[in-house]
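I'll jot down what I look up as I go along.

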Amino acid sequence: MRVGIVCYPTFGGSGVVATELGLELAKRGHEIHFITYSQPVRLDLLSHNVHYHEVNVPEYPLFHYQPYELALSSKLVDMVKLYKIEVLHVHYAIPHAYAAYMAQKMLREEEIYVPIVTTLHGTDITLVGNHPFYKPAVTFSINKSDAVTAVSQSLKEDTLRLFNVTNDIKVIPNFIDSEKGKSSFKDCQREMMANDDEKIITHVSNFRKVKRIEDVIAVFYNIQKEIPAKLMMVGEGPEKEPAELLCRKLGIEEKVVFFGNSNEIDRILCFSDLFLLPSVTESFGLAALEAMSFGVPVISSNTGGIPEVNKHGVSGYLSDVGDIEDMTNNALTILGNEEILKMFKQNAKKESQHFDIHKIVPQYETIYKETLSKC
Ligand code: GMT
């Protein structure tokens, strides 16, 4: 099949999922066209059936806001015609599902029919899309998609609760390539980051309010009072600077490394002992799944789709949002005993295998075929 993928090309989870999906589909023989405003961060173009088409939005001083949806719709029309794209798969409803619908309408005028598959990722529903300014357009574009998927049962339920959705929503969870974890484990170079007696705790995110970065620091602060430990903070965002200041204020700056955005998350996870994800909400928590695939247990909040990924008492522990004391106690339970830590590491890896790329990607192929058969 020839599939057009629209996504945010940044370090966010939705862009990562869209990119990994496209690359796997290409491996399975499909022709993939990424259509977005810059090359997705995890995109490796050294493949004959992976293409990238940049959406350009010319700057014009008259416009206070440059019309990205318009540029995207036009680019979609051109690319569908030029490359005979059969299915458009848009990740993140805003504004991608809306732009794709407009492209579909324009193409219909020329008797070209291309179905739209919309994948909902989380903040497009729970935080941004639910805003009254966007809600009618988001509802409309969800209902007009030929197929809609959500990355967790929790996100599906949120969507049905918050929007007047008439379309069916199929849950297709996010996925990981379990093989990746295996090969990277061989050259961890843990000694570069910590002494043998120190435990390595990691957090990866886009450092937004929703991630509760101050809870990551607070839990780590409590842990390092009890056992030798280092904290790896990976990512960029508005909460990064306040977090650096907080570490200094608490006198733990020597024990905390801020990496910024990194393409070496695999290496960092490879030497990590514990992952912290205390978010207010998370439709899925891809970062936690990636950690688990490297055998890193997860201390997380019990919110959104996280319990579908992190199993309480098995791959880690879940606590109420903001319950620092419970998160600390759970972290110390895991880290304080080598046998227990080993067991949680094994369990985390095992649980992650439920989300193996080879089990999940065929579900998208089925959706594409179904929408095409209805054309
Ligand atoms: O919150 C983020 O990290 C970014 C956001 C995005 O759209 O990229 O992530 C959302 O989609 C991810 C991939 O499906 C999910 O794993 C994240 O849980 C979800 N974030 C939230 O729901 C807050």
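**Cysteines.** I started with Cys7, which is buried at a relative accessible area of 0%. Buried here means under 20% relative accessible area, exposed means over 50%, and partly exposed is in between, with a 1.4 Å probe and protein chains only. Cys247 is buried too, at 1% relative accessibility. How many disulfides are there? I take a disulfide as a pair of cysteine sulfur atoms within 2.5 Å, and the count by this rule is 0.

**Ground rules.** I have to remember that this is a predicted model, where local features need pLDDT of at least 70, side-chain atom pairs count only at pLDDT 80 or more, and totals for chains, interfaces and linings use all residues. Residues are numbered from 1 along each chain as its sequence is written, and side-chain values use heavy atoms, with hydrogens and water left out.

**The sheet.** Next I traced an open sheet of 6 strands, and I wrote down its order as β10-β9-β8-β11-β12-β13, with parallel pairing. My helices (H or I, at least four residues) and strands (E, at least two) are DSSP runs, numbered from the N terminus. Two strands pair if DSSP finds at least two bridges between them. Which strands stand at the edges? They are β10 (256–260) and β13 (316–319); each has a single partner strand, so one side of each has no neighbour in the sheet. From one strand to the next, the twist averages 20 degrees.

Then I zoomed in on β8 (residues 199–204) and β9 (residues 229–234), which run parallel and are joined by 6 bridges. Ile200 has Lys230 in β9 as its bridge partner, and Val204 stands opposite Val234.

Is β8 enclosed or open? I found 6 of its 6 residues buried, so β8 is largely enclosed by the rest of the structure. Both faces are covered: Lys199, Ile201 and His203 are buried on one side, and Ile200, Thr202 and Val204 on the other.

Axes are lines fitted to C-alpha atoms, for helices over the stretch in contact, and angles run from 0 to 180 degrees between N-to-C directions.

I noted a cis peptide bond from Ile94 to Pro95, with omega near -15 degrees. Pro95 lies in helix α3 (residues 93–109).

Lys84 isn't a glycine, but its phi is positive, near 55 degrees. I located Lys84 in the loop between α2 (68–83) and β4 (87–91), and it counts as exposed at 56% relative accessibility. Arg212 also has a positive phi without being a glycine, about 50 degrees. Arg212 sits in the loop between β8 and α8 and is partly exposed, at 22%.

**The ligand.** Which residues come nearest to the ligand? Of the 17 around it, they are Ser14, His121, Asn174, Glu282 and Ser283. A residue is near if one of its heavy atoms lies within 4 Å of the molecule or strand.

Last, I checked the ligand's oxygen atoms. One is 2.7 Å from a polar backbone atom of Ser14. I also found an oxygen atom 2.9 Å from a side-chain N or O atom of Asn174, and an oxygen atom 3.0 Å from a side-chain N or O atom of Lys211. A polar contact is a pair of N or O atoms within 3.5 Å; within protein, one must be able to donate a hydrogen and the other to accept it, and residues adjacent in sequence count only if both atoms are side-chain atoms.
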